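Have the sequence and the 3D view at hand.

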Amino acid sequence: MSEFRGYAGKSLEFLKVNKISVGDSVKISADLTYLGIIMPRYEHSDDSHLVLKLKSGYNIGLEIEKIKKIEITSSPKKNIEKVESVEKNPSLPKILLLSTGGTIASKVDYRTGAVTPVLSAEELNSSVPELSKIANIDAEVLFSEYSENIMPEHWLKIAEKLKEHSSSDYSGIIIAHGTDTMHYTSSFLSFALAGFPIPIALVGSQRSSDRASSDAALNLIGAVKFLIGCKTNGVYIVMHQDENDETIACHFGTRVRKNHTSKRGAFQTIGDDPAFIVVDDQIQRNARNNFFKVKEFQPRIKINTKVALIKYHPGYDPSLLEKIIEMNYDGIIFEGTGLGHIGKIMYDNVKKANEKGIFLGMTSQCIDGRVRMTVYESGRDLLDLGIIPLENMIPEVALVKTMWALGNFQDRNEIKKIMLENIASELSD
């Protein structure tokens with residue numbers, strides 16, 4: 001039953017005896033006095049605790065046996081809130097929002113504790129009313145997945161949906177996306193939709209929309225302002241610049257990483273400033289060059305996922321590389337040390353992989369800087385074994401680009417050429 005969602009055994013019995021449901025606001029006396037909302041339990045949780053959301057936005061677990069008293073302070077309204085329709089303003093630009101999951105365009109139902117996607121422009125307007133003053137938003141849910149569950153097949157669906165709107169009159173397209181793998185998705189879209197004429201912004205939220213410190217609405221508002229005012233195409237990740245609310249950073253989608261687990265300013269452009277900064281209604285351009293290096297839209301929406309990313313480390317077992325070769329992988333990206341090195345213990349299997357026709361690319365574990373495999377003898381040995389240095393391409397971007405290249409090109413020399421071609425600013429000056 002939804003009113004006891006996730007609870008079982010002792011905890012379920014406790015709620016029933018006290019006539020309390022998920023979503024009720026309660027006062028609990030235990031070691032301290034707690035005020036909050038009863039939240040659902042995860043499916044595989046024990047049956048000895050209740051989950052309480054405090055006013056601070058944080059969830060805590062309280063052991064049932066230590067609860068001295070529990071009383072309801074209020075219950076949520078059971079009626080469905082009426083959502084007012086949004087009246088379109090014909091003088092405002094149009095923005096398309098495609099939701100794939102995450103919390104950026106979600107709302108919290110305190111009756112069930114569930115975070116659900118915003119399904120319509122009306123709901124979006126209700127959640128972030130400021131948007132209706134700056135743009136007409138059309139919203140569509142493609143799917144609802146946690147970031148870690150977004151797979152290459154989802155990239156293909158997003159790309160195909162975007163392709164449908166390549167000739168539309170939208171000023172920009174927002175993709176609401178979980179943050180953990182957002183830069184993988186932005187990389188694929190950058191290559192698969194090279195030259196896409198409408199600016200694309202992937203937007204996420206580090207703090208859930210039910211917390212006072214949530215960055216969801218501000219990131220979304222900043223993305224809409226950016227898309228309307230940037231006057232250039234490209235694929236961008238748009239998030240907070242730092243912990244403050246004054247500045248939104250717009251990063252090139254192939255030059256960005258998530259460098260912190262929980263900070264609002266978790267995303268950083270590697271080796272440079274963000275391409276654009278949004279401060280209030282002003283857009284500051286830092287990018288010296290355009291994002292796409294092609295002038296015409298050239299969609300190539302295919303992929304080959306038989307690519308491995310190998311992070312070399314002292315003690316790496318070369319038999320793992322041999323196993324990848326035996327599994328008929330078509331590409332291997334090495335995340336090497338320093339200027340692009342892996343130990344001699346790997347050389348025999350690297351040679352086997354090269355002889356088998358597997359594409360071999362080298363990136364660096366260093367956060368910034370370029371691969372330079374001609375500086376030391378070991379690097380030159382690896383060049384002779386067929387490894388291609390990928391300049392300053394970020395390892396995750398190199399992985400995605402290789403998947404894309406192998407999916408769209410067949411000739412080995414052509415694949416090497418395309419991997420070294422700067423398509424979407426994946427290689428920076």
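In which helix does Asn349 lie? Asn349 belongs to helix α7, and since the model is a predicted one, everything below describes that prediction. Asn349 counts as buried because its relative accessibility is 7%, below the 20% cut-off for that class. Setting aside neighbours within four places in sequence, Asn349 touches Pro318, Ser319, Leu321, Glu322 and Ile325.

Helix α6 (residues 318-326) packs against helix α7 (residues 347-355) at an angle of about 10 degrees, and their axes are 9 Å apart. That angle makes α6 roughly parallel to α7, because angles under 35 degrees fall in that class. On the α6 side, the contact is formed by Pro318, Ser319, Leu321, Glu322 and Ile325, which meet Asn349, Val350, Lys352 and Ala353 of α7.

In soluble globular proteins, nonpolar side chains tend to be buried together. Here the largest nonpolar core has 81 residues, and the ones with the most contacts inside it are Leu162, Ile174, Leu189, Phe226, Val238 and Trp404. Helix α9 (residues 395-408) contributes the most to this core, giving eight residues. Beyond its neighbours within four places in sequence, Trp404 is in contact with Phe188, Phe191, Ala192, Arg300, Lys302, Ile303, Phe409, Ile418 and Ile423.

Next, turn to helix α1 (residues 9-17), whose buried residues are Ser11, Phe14 and Leu15. These lie on the same side of α1, because they cover an arc of only 95 degrees around the axis. Among the elements covering them are β3 (49-54) and β5 (69-74). After α1 comes Lys19, with a positive phi near 55 degrees.

Where else do positive phi values turn up? Lys231, a residue other than glycine, has a positive phi near 60 degrees. You will find Lys231 in the loop between α5 (216-229) and β13 (235-240), and its relative accessible area of 74% makes it exposed. Asp280, likewise not a glycine, has a positive phi near 55 degrees. Asp280 sits in the loop between β17 (276-279) and β18 (282-285), and it counts as exposed at 59% relative accessibility.

Note on methods: Residues are numbered from 1 along each chain as its sequence is written. This is a predicted model: local features need pLDDT of at least 70, side-chain atom pairs count only at pLDDT 80 or more; totals for chains, interfaces and linings use all residues. Side-chain values use heavy atoms; hydrogens and water are left out. Buried means under 20% relative accessible area, exposed over 50%, partly exposed in between (1.4 Å probe, protein chains only). Helices (H or I, at least four residues) and strands (E, at least two) are DSSP runs, numbered from the N terminus. The arc is that of the directions from the helix axis to the C-beta atoms. Contact means heavy atoms within 4.5 Å. A nonpolar core is a set of buried Ala, Val, Leu, Ile, Met, Phe, Trp, Tyr and Cys residues joined through side-chain atoms within 4.5 Å. Axes are lines fitted to C-alpha atoms, for helices over the stretch in contact, and angles run from 0 to 180 degrees between N-to-C directions. Angles under 35 degrees count as roughly parallel, over 145 as roughly antiparallel, 65 to 115 as roughly perpendicular and the rest as oblique.
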